[in-house]
Amino acid sequence: NHGRQREKTVQNYRTAMFDLFDAEDNALTFIDKLVEKYPRYIRDQWLVLDKCIQAYPHQRDEALAYCINQGLWSANDFRDVSIYLNRHQLEPLSSVAGGTKEASAPLGIQVRTRLVSDYLKILEGELDD
């Protein structure tokens, strides 16, 4: 208890957690589930959320939506999703969809093609080179 801030009540923590998010409905749902699931450790949950949002502010709303959709009701799950989203940020759609001529150009690899009958022979146990 020596490091615990006793002057803050659970309601103050709940309000502070709610203020961390932009999506009000999702935030209310997520925070209520945290309070319901972890009543004894809600302060610890808030501390994890607070650190995570400070570290990954751009991923908070997407991580919140993902956690709610997947039924992940933990600040640790929220943190893990935020880290994943941060590491796997999408490239611009122009380079992923459609592509460019440089990305789809052949690499100079020659691929040997075979007839279907060759594969049937292999499957039947006949090995030809």
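Leaving aside neighbours within four places in sequence, Leu64 is in contact (heavy atoms within 4.5 Å) with Phe21, Ala23, Asn26, Ala27, Phe30 and Phe78. The structure is a predicted model, in which local features need pLDDT of at least 70 and side-chain atom pairs count only at pLDDT 80 or more, while totals for chains, interfaces and linings use all residues. Residues are numbered from 1 along each chain as its sequence is written, and side-chain values use heavy atoms, with hydrogens and water left out.

The protein has eight helices and zero strands, where helices (H or I, at least four residues) and strands (E, at least two) are DSSP runs numbered from the N terminus. Along the sequence the pattern is therefore written α-α-α-α-α-α-α-α. Of the 129 residues in the protein, 22% are buried; buried denotes under 20% relative accessible area, exposed over 50%, and partly exposed the range in between, with a 1.4 Å probe and protein chains only. Among contacts with a separation of 6 or more, 65% are between residues 24 or more positions apart.

Three aromatic pairs were counted. Rings of Phe, Tyr and Trp (its six-membered ring) pair if their centres lie within 6.5 Å; planes under 30 degrees apart count as stacked, over 60 as edge-to-face and the rest as tilted. Phe21 and Phe78 form an edge-to-face pair, with 5.7 Å centre to centre and 90 degrees between the planes. Because Phe21 lies in the loop between H1 and H2 and Phe78 in helix H5, this pair ties together parts that are 57 residues apart in sequence. Phe30 and Phe78 form a tilted pair, at 5.9 Å centre to centre and 45 degrees between the planes. Phe30 belongs to helix H2 and Phe78 to helix H5, so parts 48 residues apart in sequence are tied together. Phe30 is buried, with a relative accessible area of 0%, and Phe78 is buried at 0% relative accessibility. One aromatic cluster is formed by Phe21, Phe30, Trp73 and Phe78.

The structure holds one salt bridge, defined as a side-chain nitrogen of Lys or Arg within 4 Å of a carboxyl oxygen of Asp or Glu. Arg79 and Asp80 form this bridge, and their closest N and O atoms are 3.4 Å apart. Arg79 is partly exposed at 31% relative accessible area, and Asp80 is partly exposed at 40%.

The accessible surface of the protein comes to about 10,100 Å², of which 51% belongs to carbon and sulfur atoms; accessible areas come from the Shrake-Rupley method with a 1.4 Å probe, and for residues only the protein chains shown count as cover. Gln89 is placed in the loop between H5 and helix H6 (93-96) and is exposed, at 51% relative accessibility. The C-alpha atoms of Gln89 and Gln59, 30 residues apart along the chain, are separated by 9.5 Å.
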